[in-house]
Amino acid sequence: MRFLTDYLSGDVYFKIHREKHNLDRCSTQIKLAQSIEAQFDAMRKLNDSL
């Protein structure tokens, strides 16, 4: 959310190297969270077996 907030605020907090850099960062973070959520049960089973 911080990358999105910064993008919407004019990229004032995180340094950017190109236009929409923080928006791309936000998109990547969302995809990562979705991937973790999709694999959560498998990760829990693996952890329980240790």
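D11 counts as partly exposed at 22% relative accessibility, where partly exposed lies between buried (under 20% relative accessible area) and exposed (over 50%), with a 1.4 Å probe and protein chains only. The model is predicted, so local features need pLDDT of at least 70 and side-chain atom pairs count only at pLDDT 80 or more, while totals for chains, interfaces and linings use all residues. Residues are numbered from 1 along each chain as its sequence is written, and side-chain values use heavy atoms, leaving out hydrogens and water.

D11 is found in the loop between α1 (2–8) and α2; helices are DSSP runs of H or I with at least four residues, numbered from the N terminus. The phi of D11 is near 55 degrees, a positive value in a residue other than glycine. Most residues other than glycine have a negative phi. K20 lies in the loop between α1 and α2 and has a positive phi of about 65 degrees; at 41% relative accessibility, K20 is partly exposed.

Turning to charged pairs, a search of the whole structure gives 1 salt bridge, defined as a side-chain nitrogen of Lys or Arg within 4 Å of a carboxyl oxygen of Asp or Glu. The side chains of R18 and D24 meet in a salt bridge at 2.6 Å, N to O. R18 is partly exposed at 42%, and D24 is partly exposed at 36%.

On the surface, L32, I36, F40 and M43 form a nonpolar patch with about 350 Å² of accessible area together. Helices α2 (21–38) and α3 (40–48) each give two or more residues to this patch. Patches take residues with over 30% relative accessible area and no salt bridge, joining nonpolar side chains (Val, Leu, Ile, Met, Phe, Trp, Tyr) within 5 Å and like charges within 9 Å; accessible areas come from the Shrake-Rupley method with a 1.4 Å probe, and for residues only the protein chains shown count as cover. M43 sits in helix α3 and is partly exposed, with a relative accessible area of 38%.
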